[in-house]
Amino acid sequence: MNTASDVIVVGGGHAGLTAAITAAERGRRVHLLEAAPRHMRGGNSRHTRNLRPMHDSPVPPMEGIYSFDEYLADLIGVTGGKTDPALADLLLKKSASSIEWLSAHGVRFQPPLSGTLQLGRTNAFFLGGGKALVNALYHCAENLGVTIEYDARDITLRIRDGSFEELTYNDGNRLSARTLIAASGGFEANLDWLGESWGSAAANFLVRGTPYNRGTILKQLLDAGMQQVGEADQCHAVAIDGRAPRYDGGIVTRVDCLPLGIVVNRDGQRFHDEGEDFWPKRYAIWGRLVAAQEDQVAWTIIDSKADGLFMPPVFEPESAGSIRDLAAKIRINAENLQKTIDEFNAAVIPGAFDREALDDCRTGGLEPAKSHWARPIDKPPFRAYRLKPGITFTYLGIGVDEKARALRQDGQASDNILAAGEIMAGNILGEGYLAGIGMTIGSVFGRIAGENA
Amino acid sequence: MKTAANLEALRVTKICNACRYCEGHCAVFPAISRQLTFDEGEMEQLAHLCHQCGACYQHCQYAPPHEFAVNFPRAMADVREASYPTVAGTRFTVISTIAGILLFASLVTLHAGPGALIGDTLDFYSLLPHYVMAATFGGAALLVLAAWWFILSAYWRRTGSYRRLTPGLLVRAVDDAVRLKNLGGGHGDGCYASGEQPSLARRRFHHLTVFGFLLCFLATGTGTFYHFALDFPAPYGLVSLPKLFGMTGGIALLAGTTGLLRVRTGLDPAIAADPAGATASLTWLLLLTALTGLILPFVTTGKGLLLAVHLGIVMALFINFALGRFLHGLFRLLALVTDRAGQEAVCR
């Protein structure tokens, strides 16, 4: 039995590393268990690119101000109010020091990536993306003497009355410590568990990130009587190209042209307002929307007016000179598709198209409406991308208090189990998403967990 | 008919263009995002714009063993290969060096007799007259310039001639080249070719090498000027421009190339393969030129041999100027010019 550590951190992504570093800086001996092999360490954090910090003055490279009030309003807006008020308050306020913390630990920032200019004020982009951040934090953790083990799997926790006692991993290795920090992600790679709430649709989900987030720690914590927050079918899921790999496709498979055209299902029918709001506030619901369609199939259709207005995914679209030919290529009923396009085009009320603003190009008398960026789809070549739900991370998680301590079902905080990152993001995100808030949750609650370990 | 290197470069740039996380690291990724696809000439320019710093490889979530297998620096290096008239690797360099040494050993023997190679001498010109040195290297220099004219004008036609150039643009490109801006990682902490942490070693040793090289060039230049224009032949005292430039330049060159070779041993092989030894050849030629040149004034016994060795190495170096890896600096400079023009075209 190895009892050389004060703190065991399960999960070596952004949240786990932040917790480990914070605890180590406070003199704790930390042992970090990462399920993946070294080349895939960091969980979903490898695929991220930014976080969303509150700031009352310009913090380079962000320009302008993103006040607490505006941030909170955005959060309430996207979650429909389904967020823990005290934890949201804590998150937003402590997010103001995230950039400083990350910079001090070797993470560098850059101006917003081309194609993401609307995020320049609110989001800070990592120079080199999430993997650069992960590398910097691992380097820090190593320098601080954190014991890091890769390929640490089959973890079995022993918890009694809400207290962590010890764990075993990898064929019987035993590890014990005063405190356990659970930062092992959601259960998005566990299609069986997803199937419990999504049914057979789950078989058609693609997992955007790490195949290692199967929710084994989450399940054990729930089974041991820790409090559940969030619903099993709530998640961050985007519409990705149907040709993406089953796991780990990341950002390049995301399709970002949805607001510029229309989205139809297998029957050629539209089913949601493509222009509801700015893409960073809406992109993360489209996965669920596509998941709800027959066979989880949808197509985004644009005309040549959209060329150059969005970051292209890595796959080529289906392309045709007419709607009929396009329908044949993508095997949608041509009559249905033509009718949908004609009805859409007829309903478009001309306005001044502005990609950067909530413009006045909308439809009238159409169900569902398209509230912004509505232009007739009439200029060939017409292009279509097949969409599938790509799940990023799940929201069902562990309830925590303001010290990141896991709550028991009776509402009492565990004395020695803390949680950070995706595994507790559901406390903040009852539904919906704000671009960059995932990494913010990891940054803030990782630090809080480390401070209380 | 696209080459394998070109097809692979197109494949990875398409993935990079859909990701773009590396945009802050260097000039290449912003350049890529200005277009969606690239013809051979454009890809060749991008490949030389890449300074092989490795940041994008260390930070790539799609690097092998991911199924997308993106190794961007390697893809660019493979495209760059085709720009060189010949590989000019270890074997080529050893042969040209031996040939050069034999040439000058013969010339010394012809001029000063068979014992001259191993005998005691203090005076260079008793071994080989100035006019022989001037003629051989003057001639070699003209050949180098001619080679550059042909090679670089063809390269420019392929990669950049469609751009409108202005003096300001050239100044800014030269500035990027001289400061090795693209070896800074984007954050100024250096390049990642040795591993996951940035280091300025490669940039600094490169600067030292170039500085030393230019000083040596100035040493020869001032010496030539003194000889022909001022009727003031060598040998020059220690406190003279040729000597000061030469000694400082030689030491800087020696230190810079030694440093570069040491950095080279630490380079991640996934990024910086040099299978034929082409890059190592250039570095070694410069190093040995400096080493032999620095020792030469202090040697009396066997000065003839050492002089033949030194001049032979320099001749091999001239051949490298014309045909070998030395061209990388010129290809890269022109790529930076084209890139500046591309950036400013967008801004207009």
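Analyst: Let's start with Thr109(B): with a relative accessible area of 29%, it comes out as partly exposed, the band between buried (under 20% relative accessible area) and exposed (over 50%), using a 1.4 Å probe and protein chains only. Keep in mind that this is a predicted model, where local features need pLDDT of at least 70 and side-chain atom pairs count only at pLDDT 80 or more, while totals for chains, interfaces and linings use all residues. As for bookkeeping, residues are numbered from 1 along each chain as its sequence is written, chains are lettered from A and ligands numbered from 1 in the order in which they are written, and side-chain values use heavy atoms, with hydrogens and water left out.

Thr109(B) belongs to helix H6 (residues 90–112) of chain B; helices here are DSSP runs of H or I with at least four residues, strands are runs of E with at least two, and both are numbered from the N terminus. Setting aside neighbours within four places in sequence, Thr109(B) has Pro114(B) and Leu117(B) in contact, meaning heavy atoms within 4.5 Å. Ala55(B) is another story: 54 residues separate it from Thr109(B) in sequence, and their C-alpha atoms sit 52 Å apart.

Two other helices of chain B are worth a look. In H3 (residues 40–49) of chain B, nine of the 10 residues are buried; among them are Met43(B), Leu46(B) and His48(B). The N-terminal end of H3(B) is capped by Asp39(B), with a side-chain oxygen 3.1 Å from the backbone nitrogen of Gly41(B). H5(B) is largely enclosed by the rest of the structure, because seven of its 10 residues are buried, including Phe72(B), Met76(B) and Val79(B). At the start of this helix, a side-chain oxygen of Asn71(B) comes within 3.1 Å of the backbone nitrogen of Arg74(B).

The rule for a salt bridge is a side-chain nitrogen of Lys or Arg within 4 Å of a carboxyl oxygen of Asp or Glu. Arg325(B) lies in the loop between helices H13 (303–323) and H14 (327–347) of chain B and Glu81(B) in H5 (residues 72–81), so this pair ties together parts 244 residues apart in sequence. Arg325(B) is buried at 8% relative accessibility, whereas Glu81(B) is partly exposed at 37%.

Over all chains, the count is 39 salt bridges. In chain A, Asp248(A) meets Arg46(A) with the closest N and O atoms 2.8 Å apart. That pair links distant parts of the chain, 202 residues apart: the loop between strands S13 (235–241) and S14 (262–265) for Asp248(A), and the loop between strands S2 (30–33) and S3 (50–51) for Arg46(A). Both Asp248(A) and Arg46(A) are buried.

Now to where the chains meet. Here 32 residues of chain A contact 29 of chain B, and about 2,500 Å² is buried between them, 56% of it from carbon and sulfur atoms. Buried area is the accessible area (1.4 Å probe) two parts lose on being put together, summed over both. On the chain A side, Arg108(A), Leu127(A) and Val252(A) lose the most area to chain B, together 20% of what that side buries. Arg108(A) also makes a salt bridge with Asp189(B), at 2.8 Å between the closest N and O atoms, and the count between the two chains is four. Helix H5 (residues 129–143) of chain A supplies the largest share of the chain A side, six residues.

Finally, the inside. The largest nonpolar core has 223 residues, and Leu167(A), Leu221(A), Ile428(A), Ile437(A) and Phe445(A) touch the most other members; such a core is a set of buried Ala, Val, Leu, Ile, Met, Phe, Trp, Tyr and Cys residues joined through side-chain atoms within 4.5 Å. H13(B) gives the largest share of this core, 12 residues.

Technical notes: Polar contact = N/O pair within 3.5 Å; in protein donor to acceptor, adjacent residues only side chain to side chain.
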